[in-house]
Amino acid sequence: MNAPLRRVGVVVIVLFGLLFANLNWIQAYKADEYRTSDYNGRVQVADYKRKRGNIEAGGTALATSKETTGKLKFQRSYPGGAKYAHVLGYKPVNLADRGIEQVENDFLAGTSDQLIGDRFKDLFTGDETGGGNVLLTLSKRAQDVAYDQMRNNQVGAKRGAAIAIDPRTGAVQALVSMPSFDPNPLVSHNTTEAAAAFNKLEQDPERPLNNRALGETLPPGSTFKIVVAAAALENGIGKNTQIPAGSSYTPPTSGSPIRNAAPSICPESQVTLLDAVTESCNTGFAQLGVRLGADTVKEKARQFGFEQEDLTVGHLGEGGLPTAASRTGDMQNPDGSTDPAALAQSSIGQNNVRMTPLEGALIASAVANNGSQMRPYLVRQLLAPDRTTSYYTSKPRELRQPVSSQVATDLREMMVSVVQNGTGRKAAFSGYTVGGKTGTAQSAPDRPDHGWFIGFALDKDGNPVSAVCVVLEQAGSGGSAEAARIGGQIMRAAIADPGGR
């Protein structure tokens, strides 16, 4: 054999070897991915052979499937439209699924290992038993109120989020992100129309597909003072201890003074910690933060849940909707030493501090629940297709204990004072003790401020029944008061809805 033929033979052998290796790699490692890919046409047809299970809340079906005469036998439908979109997500033909539709896909589709008994029975009966049903924790009444109040807020904010949680269990009572979107066009069997609807939403500068309640952070403003107050209570400062205040405070090394929102707010040289929270005293908390130190402030924030990267909201401890991590940010000089100016600004929820609405609700819920912060969840129960068997029922679990019962008691008293005597009056409603903290956070020099409210409601026996966080982006003057009003309305609706508790 001459040299050229030998070279050709070697090349052919090498190519066959590579082909063989690639084939084995696909079979061993990629087969399942290709089999379940959204772009696999045979998988798409198989997905629609069996009726997909319902997603429900409070006895109402929020996601359903009905039979069609087309190649794809069932059409997904969302009767509530935009009202539940950021919780439910959508299950499209050609696009990637989102929300609870994605998190619980196997169970809803009937392909979960939990439903193997139904699949085995179908082998003998020839039936195509439908998928399982997912029951959510949402209070329909609270969700309706949250959506309607956020959409029609009185300050004209176009973007924002609201989330309410049962402090005793962590069950999510309401979750709204604004603006929202109608998921129905996205699940059209006309894939061209579905893709066009998706592209329009994706290109919208208001970003309606984003879940602002869980996945986006903003400077929290004065709501962060509850974290600093908790650190103060743990470091020798009582709720009636006098702390430095005044109309203006310039941190060491900084030429930029920190002032209060109005001249009438804590102009005295000293105020109690209780009054500083009630009046939302910027100068008092800026000086308090510098006194406590960056490490203390950052550690207390971490104990409340800041910096947590892996929290999801769905099943308890089994994955769910992804969340963004809240951050305290940098408070240091380039040489690593603490920057008092940055620390002072951070202590009033500015500088680089960023928080999700979920984290705000978790802070309020921990204060309301004697310092115990429960793990948030959305899935209450998984029911068999015939609804006779429950494959999963939520059992509340503690996430962390950021403060002691005594510190929580002091914080509750201060937050109740905010609603009774301070900036959170609009959150109050009859029959319940409401506590909270408003926040006004700078967004950009040429844009209106964000308005925040975190709060809780206690029944006549002092038991926590709801905790909430509302943010109205770039709401401007009156934004925090409007957020407080909406927060109170959401909590009142959640309490009044027996199906949501």
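Cys469 sits at 0% relative accessibility, so it counts as buried (buried means under 20% relative accessible area, exposed over 50%, partly exposed in between, with a 1.4 Å probe and protein chains only). Keep in mind that this is a predicted model, where local features need pLDDT of at least 70 and side-chain atom pairs count only at pLDDT 80 or more, while totals for chains, interfaces and linings use all residues. Residues are numbered from 1 along each chain as its sequence is written, and side-chain values use heavy atoms, with hydrogens and water left out.

**The disulfide**

- Searching the whole structure turns up one disulfide (a pair of cysteine sulfur atoms within 2.5 Å).
- The partners are Cys266 and Cys281, with their sulfur atoms 2.0 Å apart.
- This pair ties together distant parts of the chain, 15 residues apart: Cys266 is in the loop between strand S9 (258-259) and strand S10 (270-272), and Cys281 is in the loop between helix H11 (273-279) and helix H12 (282-292).
- The link of Cys266 and Cys281 is right-handed, with 95° about the S-S bond.
- Both Cys266 and Cys281 are buried.

**Helix H8**

- H8 has 13 residues and reaches 18 Å from its first C-alpha to its last, close to the 18 Å expected at 1.5 Å a residue (the expected span is 1.5 Å times one less than the number of residues).
- Which residues of H8 are buried? They are Ala194, Ala197, Phe198 and Leu201.
- These residues cover an arc of only 95° around the axis, which puts them on the same side of H8 (the arc is that of the directions from the helix axis to the C-beta atoms).
- Here's the handy rule behind that: an α-helix has 3.6 residues a turn, so residues three or four places apart point the same way.
- Over on the other side of H8, you'll find Thr192, Lys200 and Gln203 exposed.
- At the start of H8, a side-chain oxygen of Asn190 comes to within 3.2 Å of the backbone nitrogen of Thr192.

**The six-stranded sheet**

- Six strands make an open sheet with mixed pairing, in the order S3-S2-S1-S4-S14-S15 (two strands pair if DSSP finds at least two bridges between them).
- Strand S3 (74-77) and S15 are the edge strands, and each pairs on one side only.
- Neighbouring strands of this sheet are turned by 20° against each other on average, direction ignored (axes are lines fitted to C-alpha atoms, for helices over the stretch in contact, and angles run from 0 to 180 degrees between N-to-C directions).
- Strand S4 (residues 133-136) pairs with S14 in the antiparallel sense over four bridges.
- Val134 has Leu382 in S14 as its bridge partner.

- Most residues other than glycine have a negative phi, and most peptide bonds are trans.
- You can find Pro179 in the loop between strand S6 (172-178) and helix H8 (191-203).
- Glu307 isn't a glycine, yet has a positive phi of about 75°.
- Look for Glu307 in the loop between helix H13 (294-304) and strand S11 (312-314); at 28% relative accessibility, Glu307 counts as partly exposed.
- Arg387 isn't a glycine either, and has a positive phi of about 70°.
- Arg387 lies in the loop between strand S14 (379-383) and strand S15 (390-393), and 40% relative accessibility makes Arg387 partly exposed.

Key: Helices (H or I, at least four residues) and strands (E, at least two) are DSSP runs, numbered from the N terminus. A polar contact is a pair of N or O atoms within 3.5 Å; within protein, one must be able to donate a hydrogen and the other to accept it, and residues adjacent in sequence count only if both atoms are side-chain atoms.
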